[in-house]
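Hi there,

Here is the structure I promised to hand over. Please have a look at it first, and then read on for what I found.

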Amino acid sequence: MANFKTHIQISAISSGVLSTSLLGANFVNSVEAVLLWIVGTLGGVLPDVDSDNSTTLNILFGIITLLSITAVLSQLGVRVSTLEIWAVIAMVYGFVNWVVRPIFESYTVHRGIFHSLLAAVFLSVLSIVVAYEFTFLNTTMSWLVGFFIFIGYVTHLVLDELYSVDFSNVRVKRSFGTACKLYEYKNIQISLTMLLMAGGLFFIAPNTQGVKNTLLSKHTFVQIKDSFLPLALKS
Ligand SMILES: [Zn+2]
């Protein structure tokens with residue numbers, strides 16, 4: 001199994017190659033390219049949220065804690081004392097880390113549903129919807145966020161699978177086949193639930209047809225290819 005450091009290095013390289021290609025072809029500006037690079041890199045460590053006490057889980061719950069505190073504080077109004085603000089922060093922190101996190105950990109199995117292509121699709125579509133509905137990003141950027149999460153996620157699954165082959169004496173370890181599955185074969189119920197949720201999210205994702213016509217058009221790929229070499233080298 002590849003460790004956190006390997007995962008973050010490989011996904012930083014692959015999403016860096018992709019985001020700079022989009023920058024070179026003028027599809028995104030430099031700020032958007034950096035954002036996509038970060039998103040793709042995070043996508044590359046996301047599958048390990050299912051392993052308790054992993055660095056990924058710490059990062060994820062750090063983000064959730066921050067967002068929850070922000071959300072609750074924004075609802076407090078102006079007539080609240082400093083002491084009450086501190087009490088609220090402590091309560092939200094405790095709730096997220098000592099109530100929600102143990103529940104999440106008890107329900108997730110390492111190399112369970114989160115190490116599947118179905119989860120990659122689900123979390124990608126989820127991030128498209130979240131990016132579009134809850135941030136300032138437009139339709140195209142929201143879809144690109146989903147695409148980068150997907151690429152990072154799949155890179156992780158493939159890397160885990162590669163690590164289960166012992167190249168020194170070409171032998172396959174017992175973990176082979178557990179990292180990159182289509183869905184969780186051992187739990188059909190949870191797989192079906194995730195499939196339904198992914199379908200539902202896809203339905204509410206912004207302007208699917210428009211994105212298909214622009215991002216997935218032949219013209220886009222030609223433009224990326226054409227902008228690869230410096231002008232001086234092309235004639
Ligand atoms: Zn993994």
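Helices here are DSSP runs of H or I with at least four residues, and strands are runs of E with at least two, numbered from the N terminus. With that in mind, Asn 26 belongs to the loop between α1 (4-24) and α2.

Before going further, please keep in mind that this is a predicted model. The mean pLDDT of the protein chain is 86, and 93% of the residues reach at least 70.

**Overall picture**

The protein chain holds nine helices and two strands. Read from the N terminus, the order of its elements is α-α-α-α-α-α-β-β-α-α-α. The C-alpha trace extends over about 70 × 50 × 35 Å along its principal axes. Of the 235 residues in the protein chain, 29% are buried. If you take the contacts between residues at least 6 apart in sequence, 69% of them link residues at least 24 apart.

**Helices α2 and α6**

I would start with α2 and helix α6 (residues 139-163), whose axes approach within 7 Å and cross at roughly 35 degrees. The crossing of α2 and α6 is right-handed. On the α2 side, the contact involves Glu 32, Leu 36, Val 39, Gly 40, Thr 41, Leu 42 and Gly 43. On the α6 side, the residues are Met 141, Leu 144, Val 145, Phe 148, Ile 149, Ile 151, Gly 152 and Tyr 153. Sorted by class, this contact has 10 nonpolar, four polar and one charged residues.

Is Val 39 buried or exposed? The cut-off for a buried residue is 20 or more other C-beta atoms within 10 Å; Val 39 has 22, so it is buried. Leu 201 lies 162 residues from Val 39 along the chain, and their C-alpha atoms are separated by 19 Å.

**Helices α3 and α4**

The other pair to look at is helix α3 (residues 55-74) with helix α4 (residues 82-107): their axes are 10 Å apart, at an angle of about 140 degrees. An angle has to be over 145 degrees to count as roughly antiparallel, so α3 and α4 are oblique to each other. Their crossing is right-handed. From α3, the residues in contact are Phe 61, Ile 64, Thr 65, Ser 68, Ile 69, Val 72 and Leu 73. They meet Ile 85, Val 88, Ile 89, Val 92, Tyr 93, Val 96, Asn 97 and Arg 101 of α4. The classes in this contact come to 11 nonpolar, three polar and one charged residues.

Most residues other than glycine have a negative phi. Asn 26 has 10 C-beta neighbours inside 10 Å and therefore counts as exposed.

Gly 200, in helix α7 (residues 188-204), also counts as exposed, because it has 12 C-beta neighbours inside 10 Å and the cut-off is 12 or fewer. Gly 200 and Leu 126 are 74 residues apart in sequence, with 9.8 Å between their C-alpha atoms.

Enjoy exploring it!

Best wishes

Terms used: Residues numbered from 1 in each chain as written. Predicted model: local features only at pLDDT ≥ 70, side-chain atom pairs only at ≥ 80, totals over all residues. pLDDT = per-residue confidence, 0-100. Axes fitted to C-alpha atoms, helices over the stretch in contact; angles between N-to-C directions. Parallel < 35°, antiparallel > 145°, perpendicular 65-115°, else oblique. Left-handed = near helix turned anticlockwise from the far one by under 90°. Contact = placed C-beta atoms within 7 Å. Nonpolar A, V, L, I, M, F, W, Y, C, P; charged D, E, K, R; others polar.
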